[in-house]
Amino acid sequence: MSGLATASYILPLTLIRRERAFPIQGRVMVRQGETVNPQTVVAEADLAPEHILLNVAAALGVPPQKAASLLQCQEGERLTEGDVIAETPGKLFRKTFRAPVSGTVVMLQGGKVLLRKDKDPIPLRAIYPGTVVDILDDRGVVIENTGALVQAAWGNGRSTYGVVRVVSESADAVLTSDRLDVSLRGAILVGGRCLEEDVFVTAGEISLRGLILGSMPSRLAGAARKAPLPILLTDGFGNLPMNAAAFEFLSTSDGREASVNAHPYNFYRGTRPEVFLPLPSPGKLMPPMPRELSPDDMVKVVTAPYQGQIGYVVRVLSEPHKFSNGIRAAAAVIRFSEDKQTIIPIANLQIIR
Amino acid sequence: MAAIETTSDSLLALDIGAITTRALFFDVVNGRYRFVAAGSAPTTASAPYHNVLEGAHMAIDDLQRITGRRLLADDSTVIIPAASPGEGVDGMVTTLSAGAPVKAIIIGLLEDVSVASARRLVESIPARLVDTFTLSDRRGVETRLDTLLRLRPHLVIVTGGTEQGASASISRLLEPLRLALRLMPQEERPQIVFAGNSALQERISAIFEDTAQVWLAPNVRPALDEEQIVAAHTILARALREHYIHSLNGLGELDTWSGGVTMPSVTAQGRMVRFLSLDDPSKGVLSMDLGASSATLTAAFQGHLYPAAYADLGLGPQAAGLTRGDPYALLLPWLTLPLEADAVRDYVFNKPLQPASIPLTAEETAIEYAMARYALRQATLRMLHGMYAQNERRAPESLPPVEPIIVTGSVFTQTANLGRTLLTALDGLQPTGITTILLDRYNLTTALGAAASLNPTLAVQAMDSTMFIRLALVVTPLSTARLGTPILKVQLTDNESGETIKGDVKQGGLAVLPLAPGRRGTLRLQPLYRTDIGLGAGHKAAYEVSGSALGIVIDARGRPLHLHKDMARRQEMYKKWLWHLGH
């Protein structure tokens, strides 16, 4: 039985390496070793390519083999609308086949031409400032930097970069739309809980850059996904305050610049939504490494009855523990305060520091 | 008597689940193959490890600690074959349910014929069907080509043409795929499984010769009125192994140690269930694995196998598919406690964020088990739909008689509350007739299914009833009588003590007759008012029965299960049933 716990880091200073890449091939726009800012386009790609299959042989009224010999373009060649693709010889009855749209010839086969239409590529921005330490084929890059890291539970799929502004005086304060005004335009707001959809509407209207919340009810998930700005929950769905470790850190970061990557947790890749605040390091750092749970580790409990609470590992039990509901699981003794400690399944803990 | 031939003695079976990796050790004990011990560790397919080998090492390490047997060499490879007593193993197999479900596209001729069969083939593995191209598809070649490039499937299943049937049409349908493969980078090209007209196999191989790996499977629809899923599933399992070896770091190494015996868990489970079904031709066998990544059901009747794996019904990252609708409304029939709607919704939405988390409070435990009931019920109905797709009559909502039912999956195996385990399985599966419910705590059925290809004798000998926790013998009397009417007289006599329990079971009720494990008893069942206990209306029976953890359970709650419409009354009934089962 292993004491390996999942990790969701809240670290004041660490080294991060983050992949910024398309799932498909595109074009990388930066070089290894280059310094990038959050707005730098690191790669671009056509995520939804459109092709046209041109039957040249049929259009010219010749057999496919003959058509192949009449082609005047090559694979990889860029054509502009109206460019000649193929032409029959002769002067009087000459037939010409022209490109119906601008694009690139991607395949020539059996008297047919496959043309990929010209489209504006989708840019992929760095989001994280830092140094490009690796190029991932034609898909993207790996960016490295030092700074503070707050990993979260859920994100609405968007990302941004901006200045953090703290409007909540406490971790469990409810963020309401009347707290939002134009003076916050362009800011990434740190709030406690959000209970109403109109917060997202107002946030969009005043062009907030992003929202970092402790929690919101799951009934708002649909609206949050549609919101035009990144929304990130540090502790998940429900009516929970922001966990003390995250709030303590974020509430003292007012005015600092931050990258917010609100892409949802991907179980299969293990990537989490997160906030990164760049900070120079006085010495050499290493990225946080996975490890077994050990005494004194700071952990966050992710389920009831201690959901969102921060505690410290007293000891990891050597055998599975039987809980009152009959479930047996690998567990650890967690101390929340001087006079409060309890046994919690390791599966319900996240190492945060 | 001929000597038993074996190709391998001790065996290490590695089962890589979405959350947990298990290392299971089998060896010869007193002249017979036995399951000896299990080690476990978290699966490490995703960040920060991105390598299943780490979790495998930790699980094997745990197994070494438990058995005292050295299995890993200094270079961290498994010691194969066994070097000396107490060191190494003679063989190894790997089963897998970790990794993201594969994205699949079907290319076939007719929606209601070969494509329908291909859908059932896709449902036999943890997959997500993302598109289907058929003859009636109005999309042009270019649109289908663009769709393939945008969706980037991991798997393309090509079907169509009964034997001696169409051939030209299927070639035309393949044009977009042929073009797409040439445009895709080699490492992103899908596995192609051809399960159509076998006369076309050579031509299909030639079309994709330079661009993709083609797996030739027997025709999934050899005739209009004939479907054969299992033969094609076997080939599909090989394609899946190939896909995961390329997409899961470390699996290639484990596969090498396993001598190439790496297979999807559903395939391994199916092999064992199929084998067990040959034992009693009058009844089928069912195995169910409700895990984080999928809900898997494999049923077999006289060697005819029905494998099904529903990736959207896993209890982890997919939260049983509940977030697509209103989780509270979908779970309401299955909740055993009165709970706030928002609390239920929030729990379900949080589950994919913490797929391995364990419920601790009574409220969260009730939601977790409601999710399990819901997922199992959906999986059962879908499997029945697939099983009866070839029949003209509508698929039944209840399982045909099976013996036994083997249940596994963390929601069942990690609890000591066997009553709740049984009630969840009964509510979800809704078996009929008389059946034994076995709890497979270590997922041994899957391990032995894979082991059978290396050492069939081990699989046969080790698969005995002592491997499982015998939960209960369940009798399901079916009657049209009104609720509360006595429908069955039961009498159980302990053969050793002579102690007898008897009584009437009422329609809508659930009764428990205790008979401890190791005890033998005689069970007499006398149906009233043409009640059917699986032997025909009104037929009575007497059986010699074995004891089990919960004894004999008479489930007279109806099929499909009659749940009270009033929430308070329904939850009161759940409370009563759980109390009967010792909760």
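These are my notes on two interfaces in a predicted model, one between chains B and A and one between two domains of chain A.

**Entry 1: chain B against chain A**

I started with the contact count: 55 residues of chain B touch 55 residues of chain A. Next I looked up the buried area, which comes to about 4500 Å². Carbon and sulfur atoms supply 59% of that. On the chain B side, I find B:Leu353, B:Ile358 and B:Leu360 losing the most area to chain A. Together these three make up 14% of what that side buries.

**Entry 2: charges and polar pairs between the chains**

How many salt bridges are there between chain B and chain A? I get 1. A:Arg219 and B:Asp342 form a salt bridge through their side chains, with an N to O distance of 3.7 Å. That sits inside the 4 Å cut-off for a salt bridge. For polar contacts between the two chains, I noted 15 residue pairs, both partners at pLDDT 80 or more.

Then I checked which elements of chain B give two or more residues to the side that touches chain A. I have strand 3 (32–42), helix 1 (52–67), helix 3 (141–151), helix 5 (175–183), helix 11 (341–350) and helix 12 (362–387). Helix 3 of chain B has the largest share, with 6 residues. By residue class, I wrote down 27 nonpolar, 14 polar and 14 charged for this side of chain B.

**Entry 3: domains inside chain A**

Chain A is split into domain 1 (6–12 + 126–131 + 143–278), domain 2 (51–117) and domain 3 (298–351). I picked domains 1 and 3 of chain A, whose C-alpha centres are 27 Å apart.

**Entry 4: what links domains 1 and 3**

Which residues make a salt bridge here, and at what distance? I find A:Lys300 with A:Asp235, the closest N and O atoms being 3.5 Å apart. On the domain 1 side, strand 1 (6–7) and helix 5 (244–251) of chain A are the elements that give two or more residues. The residues of that side sort into 6 nonpolar, 4 polar and 2 charged.

Conventions. Residues are numbered from 1 along each chain as its sequence is written. Chains are lettered from A and ligands numbered from 1 in the order in which they are written. This is a predicted model: local features need pLDDT of at least 70, side-chain atom pairs count only at pLDDT 80 or more; totals for chains, interfaces and linings use all residues. Side-chain values use heavy atoms; hydrogens and water are left out. Contact means heavy atoms within 4.5 Å. Buried area is the accessible area (1.4 Å probe) that two parts lose on being put together, summed over both. A polar contact is a pair of N or O atoms within 3.5 Å; within protein, one must be able to donate a hydrogen and the other to accept it, and residues adjacent in sequence count only if both atoms are side-chain atoms. Helices (H or I, at least four residues) and strands (E, at least two) are DSSP runs, numbered from the N terminus. Ala, Val, Leu, Ile, Met, Phe, Trp, Tyr, Cys and Pro count as nonpolar, Asp, Glu, Lys and Arg as charged, and the others, Gly among them, as polar. Domain bounds come from an automatic or database domain assignment.
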